[in-house]
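Dear colleague,

Please find the structure below, handed over for your records. My notes on one helix, its packing and some backbone features follow it.

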Amino acid sequence: MPATIVLGAQWGDEGKGRVVDYFAEKADFVVRFQGGNNAGHTIVVGDQRLALSLIPSGILYPDCIPVIASGTVVDPEVLLAEMDMVAGLGLDPSRVALSSNAHLIMPYHRKLDAVIERYLGKNQIGTTKKGIGPAYTDKYARFGIRVQDLFDPKIFREKVEAALVEKNRLLPRVYNTLPMDPGEIVESYLTFAERLAPHVTDTSLLLHRGLKDGKQVLFEGAQGTLLDIDHGTYPFVTSSNPTAGGAVVGSGVGPKDIDEVVGVAKAYISRVGTGPFPTELADEVGDRMIELGGEYGTVTGRRRRCGWL
């Protein structure tokens, strides 16, 4: 530190949470820079295990600001539920900073994620069906809806209606499922705006000022390097860049601000879902690894596949 990136060096689930927690104790900011609630990390509060998928691990430390940066995609309902959960454990969620430029996961993203995966049949990617991929698709197609749009009801409604024109053609005609009502979505999502408003800020400016003032910034990667959309085992990858370059782009800080990159690996490999795995052990040894390592997904509960390093 002052600016350290912690990344998974495998297919995720390497134990990054423990390493992040070690560094976070001395950090002024802990930053999530990519992904969404498709990746979880488990931390321990007293005698309770706390599974988080959006709020960074820095929430444990009263002097640390947890930052959800612009490279993430955010399901506001999930985020608010996590805030309520940590508040119930005596932690203070008012410190969470949320980028106004982060993109929102919408109900139609979750629906598309599920029906597209089902439609793929034996060629399924193994998505968590949380809407992450479709949200990033809309972002890069420039149909995305950002956090800041929640605070202008007229613009928000117009963007939802525009996004649903195409999707409501696809859902019944291609995927044999019902179209969605834009009015219901708008009404539901605008209720989130009031609670989110105190958290929304320009997080890249917040981090820039922090670094300028000599603050300690920790970047917390989700998933792992082998799941990178550009450098992983494509197409069996995530929809973002959980690499050092992704931390820079997703947070808005300059590459020269980074002092250290820490890659986390465990003594064997695991992965969730489908995709190539040359050293996978589909035998009693692999089963033993799964049971001894507690290899079940934090977010989905899915059984991980295990094999040699």
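The expected span of a helix is taken as 1.5 Å times one less than its number of residues. Helices (H or I, at least four residues) and strands (E, at least two) are DSSP runs, numbered from the N terminus. The model is predicted, so local features need pLDDT of at least 70 and side-chain atom pairs count only at pLDDT 80 or more, while totals for chains, interfaces and linings use all residues. Residues are numbered from 1 along each chain as its sequence is written, and side-chain values use heavy atoms, with hydrogens and water left out.

Helix H6

Helix H6 covers residues 182-196, and its 15 residues should span 21 Å at 1.5 Å a residue; the end C-alpha atoms are 21 Å apart, in agreement with this. Buried residues of H6 (under 20% relative accessible area, with a 1.4 Å probe and protein chains only) are Ile185, Val186, Tyr189, Phe192, Ala193 and Leu196. Seen down the axis of H6, these buried residues fall within an arc of 125°, so they line one face of the helix; the arc is that of the directions from the helix axis to the C-beta atoms. An α-helix has 3.6 residues a turn, so residues three or four places apart point the same way. Glu184, Glu187, Thr191 and Glu194, on the other side of H6, are exposed, meaning over 50% relative accessible area.

The N-terminal end of H6 is capped by Asp181, which has a side-chain oxygen 2.9 Å from the backbone nitrogen of Gly183.

Packing against H2

Helix H2 (residues 76-88) packs with H6 at an angle of about 40°, and their axes are 10 Å apart. H2 is therefore oblique to H6, as angles under 35 degrees count as roughly parallel, over 145 as roughly antiparallel, 65 to 115 as roughly perpendicular and the rest as oblique. Axes are lines fitted to C-alpha atoms, for helices over the stretch in contact, and angles run from 0 to 180 degrees between N-to-C directions.

Backbone features

Most residues other than glycine have a negative phi, and most peptide bonds are trans. The bond from Tyr234 to Pro235 is cis, with omega near 5°; Pro235 is in the loop between strand E10 (217-220) and helix H8 (244-251). Gln223 lies in the loop between E10 and H8 and has a positive phi of about 55°. At 10% relative accessibility, Gln223 counts as buried.

With kind regards

Note on methods
A polar contact is a pair of N or O atoms within 3.5 Å; within protein, one must be able to donate a hydrogen and the other to accept it, and residues adjacent in sequence count only if both atoms are side-chain atoms.
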